[in-house]
Amino acid sequence: MSATADPSTATADPHGTAGHGHGHDDHHEPFLAHHFESWQQQFDAGKLGVWAFLVQEVLFFSGLFCAYAVYRMLHPEVFEYADQFLSVPHGAFNTVVLLFSSLTMAWGVRCAMLGQRNGLIGCLAVTLFCAALFLGVKAYEYSEKYHAQLIWAGADPLTVSPSGMQAGAGHLLELDPEKRAVGEQLEERLASTLHYLEFGMGVVGLLTLAAAVGIYYAKPERIGLAVVFGAISLSAIAIVIGAMASMGIHHMMHASGHEATADSEAEAAHMAEAEDEPPVHTATPGTAEIAGSTHGASVKAELSRPQRLGTFFGIYYAMTGVHALHILGGMVVLTWLLARAVKGHFTPNYFGPVDYVGLYWHLVDLVWIYLFPLLYLIG
Amino acid sequence: MATILETRHADVMPLGHAPQDNYLTHGRGFLSWALTLDHKRIGVMYLCAVCSAFLLGGIFAMLLRTELLMPKNGPEDVFLFTRDAYNQLFTLHGAIMVFLFIIPGIPAALGNFILPIMLGAKDVAFPRLNLCSFYLWLVGALFFVLMLVTGGLDTGWTFYTPYSTSTSTAVVTAVFGAFILGFSSIFTGLNFIVTVHTMRPPGMTWFRMPLFLWAIYSTALVQVLATPVLAITLLLLIAERTLGIGIFDPALGGDPVLFQHFFWFYSHPAVYIMILPAFGVISELITTFSRKHIFGYRFIAYSSVAIAILGFLVWAHHMFVSGQSAISAMVFSAITFTISIPTAIKIFNWLATMYKGSISYATPMCYALAFIFLFTIGGLTGLPLGTLSTDIHLHDTYFVVAHFHYVMMGGTLIAFLGALFYWWPKMFGRMYHERLGQISAVIVFLGFNATFFPQFIMGAKGMPRRYANYLPEYHAWHVASTIGAYTLGIGLVIAAIALIWGLYRGKRAPANPWGSATLEWQCSSPPPHNNFDAPPVVGDPYAIHQLVYDPDQSAWVPRQEKIVESEAMLERHTDAGTTGH
C-alpha cells in the first residue's frame, strides 16, 4: 500500500506505513495487539495456540475412542448387532457434506489470504450451510433412533442388568417398551417429529431473515448484527433441508424394492426379542423366522439380540453428541468470521482468525471421518 | 533528626502513594481490575483466589484432624461429626485443595505474574484468554460452593464409580465444577506454551531461560495433554449420573475400572502439574541464596521435560489392587521407578549448587531447605508404594496419605510459600517481616513433620485411610498428628502475618533485593505496566557472581562496575604514590 493511496495516512504520517513506531500503531494496525512486535509474531503465536488447542481436542476425543475400543473388545456381539440400525446412506451423505465443507473452508482461507472479500464471504456461508445441513441429517437420525427406542443403556428398557432388574430407573429419560414403534408406526411418528422440526426451524429461519433484512436497511451501521441474524436464518433453513433430504434418502432406500428394509426387519427382531426372550444372552432361533429369508442385510437380523444393546448406543450418542457440539461451536465461530468478513476486517496482512477457524473445522471434519467407519461400517 | 523521620515516613507510605507509575497504580477502580488484561493483575487476582481456597481447604483439614482426636466406641458413638459428615470433610478437603489450590497455585498465580517478566515479554501471548482462564476458575469455584450448599460431596476427590453414580450427594455439581476448572487449567497451559515459544525477546534462547520457566513450560505441556482426558471423563460421568449411558456401570455393561484408568491418566500427570512448578521455584531459590551459579543447568532443564513425559506412563500404579493383569502391573511398577531418576537429578544438582556456596537463611531459603528435606522423604516413601508386593500391604493406608502429603504439601505448598516470600517484594514493592518469616518456616517445618510422620507409622501398622474411627492402639499417633496439624496451622498464620505486615509496614523494596540475575529483577518493584519499555538485555540467568552488594547504594550492583571503580581507585593511589616520589 502506498502512502498516497490513503489520504489520511499521507497527512498523518508522511513516512508511509513502514515501521511499528509507537503512537501510530492504533491508526494503521487496528488488529495488531500491543504486546506483539509484528504481524508475523502475532500470526505465529495464534497459529501455535490453535495447534495446541487442536492437540487438546484430539486428547478430549481420545477418551471416547478409547472407551469405544474397550467396549467393542468386551462386547463384540453388541457392536456387530447394533450396527445394522445405523443407516449407511445417511452417514455417507453427511460425510460428503462435511468433506465438501472442508473444501469450502480451505478455499475461504485462500480468499482471505488474497484479500478477496466476496469470495471469503461466499465460502464461509457455504461452510456454515453445510454444517447446519449435517445437523439436520443428525436430527433425523436421532429422531428415528428415539422412536425405535434405540437408546443408551440406562434409558433402554430392554437392556437388563444381570440381577434381572430393569435398567433406567432414576434416570432422566426412561422409555416404555410398550411404546416402541416399528414399521409403519415408526414411519408415521418419525414423519410427525420431523414436521415439527421443519416447521419450527422454518419459522426461525423466516423471522431471523426478516430481522437481518430489517437491520440492514434501518441501521446499516449495525451490519454485524444483521450478519448474525442472517447466519442463523441460513442455518435454520439448512437444517430443514437436511431433515427433508434425510427423509428423501430414507424413502429412496425403501422404494428400491424388496432388498434392504434392514431397519424395519431388524427392529422387528428387536421387538420380538423384547416380548419373547428372557434376559439371557443365548442364541435365539426365533428371530430368524421373523427376519424372514430376504436378501443381504437381513442376515444380520438373524443374530440374536444381545443383552446389552444399550452399551453400543451409549457410546454412539456420546461420540456423535460430543461431535455435534463441536459442529455447533464451529457454527458460532463461522458466524463470527462471517460478520468480520462482511465488515472487511481481513486483509492479506491479517487473516489469522480465518486460518485458525479453518484448522479447527478440519479437525471436526477429521473426527467424523473416524466416527463414520467406526460406527456405521462395522457390520 | 527531622530528615530521618521524614525518610521513615516515606518508607511506610501506603501502597497507593507509590511515586512511580506501576501496574498497581495504572488504572483505578473495580473494573480496571475485573476487566484487566495485564498478566500481573490477573496473577494477583489468582493469588487472592487460590489463597481463599487454601484457607477453606485448610479449615476442613483442621476439622477432620480434630474429629480424629478421639477413638469412638461403635458406629453410634459420635465425637464431633457423624460418619457421613466426616466422609464429606475429607472429600471437600481433598477436592478443594487439589482442584482449587495446588493445581492453579504456582502456575496460574505466581507463574502468571512472573513468567512474562522473567521471559522479557510485555505480556502472555493471549491476554484475553488469560483473563478467561481466571473467570473459568471463578465459575468452577462457584460450582464447588454450590455443591457445598446443595448436599456436599462424599466420594473422595477421585469421584470413583460406581459409588459416585449412586451416592445422593451433589456429585454432578462438583464434577461440572472440576470440568470447568480443567478448562481454566488447559487455557493457562496453552497460553504459557505459546508465550514461551513466540514471545522471547532477542537473546533469550532456550538455554538462557531461567529454570522456573523450564518447569512452567513442562507443566504447561502436561496441562494441555492430560487435562482434556479428565474433561471427557467427567463429562461421561455426568452423562452416566443424569442419563445412565452405562459407560462406567457394570450393571449396564460398563466398566468402572475404565473410569479409574481415565481418571489416573489425567490425575497422575496432574501430580506433576502440581510439583514441577515447585521444582522450578526451588531451582531459583537455591541458586540465589547460595550466591552461586546453578549446578547442572541443562540437567535440571531436561529433567523437567523428562518428568513431564514419564509422568504420562505410570498412571496405573494407582490401581495395583484394582484388578489389572500382572504383566501390566509389572510394567507400570518399573516405569514408576524410572521416574525417580530425573527427580533425583534435581535434588543432587540443588545440593551441588549449595556446596561451598555462601548460604544466607532468608525466609525463602528456609522454605527451600525445608522443601528438599520433606520432598526427599516424600519421594523415597514413594518407592515402597511403587513396589508391587509392598503396595498390597500399604495401599489405602495412612502410609499413602503421609506419602502424598509429604510430596504435595511438603513439596508444593512449601515451595509456594518460599516463592511467595521471594517474589513478594517484586509483586507489591514492600519487604515482608524477615524474622517472622523465618519463624514461620521453622514452625511449619516442625508442625508438618509432627502431623505426617506419625501417619507413616500408623499406615505401616495398617491404619486405613478415610476412616472416621480407629482402634485404641492408634490413639497416641492420631493425637500427635492432630497436635502437629494445629502447629502447622499456627505456622501458616504467622507466615500470612509476615507477608501482610509487609504490605503496610514493610520497607520499600529495591528493584533487586536478593541479587538475582533473572530478568524480573531488572524492572522496578512493583513492575511498570508494560514490564519493559525497551527489550531487556538478556544474559546468563544465573550469573549471580556478577552481582555484588554495595552498602553505599544499599543495592546489588554488577561486579564489573565495582572492579572498574576499585581499579580507578587503585590507579589514583598509584598516581598519588608516583607523584609522592
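Good morning. Of the 581 residues of chain B, 54% count as buried, that is, with 20 or more other C-beta atoms, placed from the backbone, within 10 Å of their own; exposed residues have 12 or fewer, and partly exposed residues fall in between. This is a predicted model, in which local features need pLDDT of at least 70 and side-chain atom pairs count only at pLDDT 80 or more, while totals for chains, interfaces and linings use all residues. Residues are numbered from 1 along each chain as its sequence is written, and chains are lettered from A and ligands numbered from 1 in the order in which they are written.

Let me begin with the overall form. Chain B has 19 helices and 2 strands; these are DSSP runs, H or I of at least four residues for helices and E of at least two for strands, numbered from the N terminus. The C-alpha trace of chain B spans about 100 × 50 × 50 Å along its principal axes.

I turn to the interface. In total, 31 residues of chain B are in contact with 37 residues of chain A, contact meaning that the C-beta atoms, placed from the backbone, lie within 7 Å. Helices H7 (171-198), H8 (211-242) and H9 (256-290) of chain B each supply at least two residues of the side that touches chain A. The largest share, 10 residues, comes from H8(B).

How do H9(B) and H10(B), residues 297-310, cross? Their axes come within 11 Å and cross at roughly 175 degrees; axes are lines fitted to C-alpha atoms over the stretch in contact, and angles run from 0 to 180 degrees between N-to-C directions. Tyr272(B), Leu276(B), Phe279(B) and Ser283(B) of H9(B) make the contact with Ile300(B), Ser304(B), Ile307(B) and Ala308(B) of H10(B).

Finally, some backbone details. Most residues other than glycine have a negative phi, and most peptide bonds are trans. The peptide bond from Thr161(B) to Pro162(B) is cis, with omega near 0 degrees, and Pro162(B) sits in the loop between H5 (127-149) and H6 (163-166) of chain B. The bond from Ser525(B) to Pro526(B) is also cis, with omega near -10 degrees.

Lys356(B) has a positive phi, near 60 degrees. Lys356(B) lies in the loop between H12 (340-354) and H13 (363-380) of chain B and is exposed, with 9 other C-beta atoms within 10 Å. Asp396(B) also has a positive phi, near 60 degrees, but is partly exposed, with 14 other C-beta atoms within 10 Å. Thank you.

Notes
Two residues are in contact if their C-beta atoms, placed from the backbone, lie within 7 Å.
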